[in-house]
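Here is my note on the model, in numbered points. Please keep the sequence and the structure open while you read.

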Amino acid sequence: MKKVIYAVLMLCIILCISGCSTNVNTLIEVGKYEEALAIIEESPDEYPNIYDEVRYRVAEIALKNNEFEKAVSLLDGNLYNDASALLDETKYNLASAA
């Protein structure tokens, strides 16, 4: 009986964990990067493969909306593909706006 209860509890834990990551992946697939980032930032160590990419995508949106400070904070230390180039562009736009 104890083994059955243990197996059911483990199954529940696995379903909960996979449900959270599926939620993040679903949000990313439909382009809701800000919502995905909010979930990821609660525990970024659980999403090391997509954390920088999602921050980069949110920074792109912030740059389009002229939210330069937000974009700089998202791109600072970001290791995604073109994050450093986008950071330079954002800093240039921030300086031009000032």
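Which helices do the buried residues of α4 pack against?

1. **The answer.** The buried residues of α4 pack against α2 (33-42), α3 (51-64) and α5 (83-97). Helices here are DSSP runs of H or I, at least four residues long, numbered from the N terminus. Buried means under 20% relative accessible area, exposed over 50%, and partly exposed in between, with a 1.4 Å probe and protein chains only.

2. **Ground rules.** This is a predicted model: local features need pLDDT of at least 70, side-chain atom pairs count only at pLDDT 80 or more, and totals for chains, interfaces and linings use all residues. Residues are numbered from 1 along each chain as its sequence is written, and side-chain values use heavy atoms, with hydrogens and water left out.

3. **Helix α4.** Look at residues 68-75. The buried residues there are F68, A71, V72, L74 and L75. They sit on the same side of α4, because they cover an arc of only 165° around the axis. The arc is taken from the directions that run from the helix axis to the C-beta atoms. Just after α4, G77 has a positive phi of about 80°.

4. **The core.** The largest nonpolar core has 23 residues. V24, I50, V54 and L75 have the most contacts inside it. Such a core is a set of buried Ala, Val, Leu, Ile, Met, Phe, Trp, Tyr and Cys residues joined through side-chain atoms within 4.5 Å. At least two residues of this core come from each of α1 (2-29), α2, α3, α4 and α5. α3 gives the most, with six residues.

5. **V54 up close.** Leave out residues up to four places away in sequence, and V54 touches I28, Y33, A36, L37 and I40. Contact means heavy atoms within 4.5 Å.

6. **Helix α5.** α5 has 15 residues and reaches 21 Å from its first C-alpha to its last. That is close to the 21 Å expected at 1.5 Å a residue; the expected span is 1.5 Å times one less than the number of residues. A83, L86, L87 and T90 are buried in α5. Seen down the axis, the buried residues of α5 fall within an arc of 105°, so they line one face of the helix. The face turned away carries the exposed residues S84, D88, Y92 and A95. α3 and α4 are among what covers the buried residues of α5.

7. **N66.** Check the loop between α3 and α4, where N66 is placed. Phi of N66 is near 60°, a positive value in a residue other than glycine. Most residues other than glycine have a negative phi. N66 counts as exposed because its relative accessibility is 54%.
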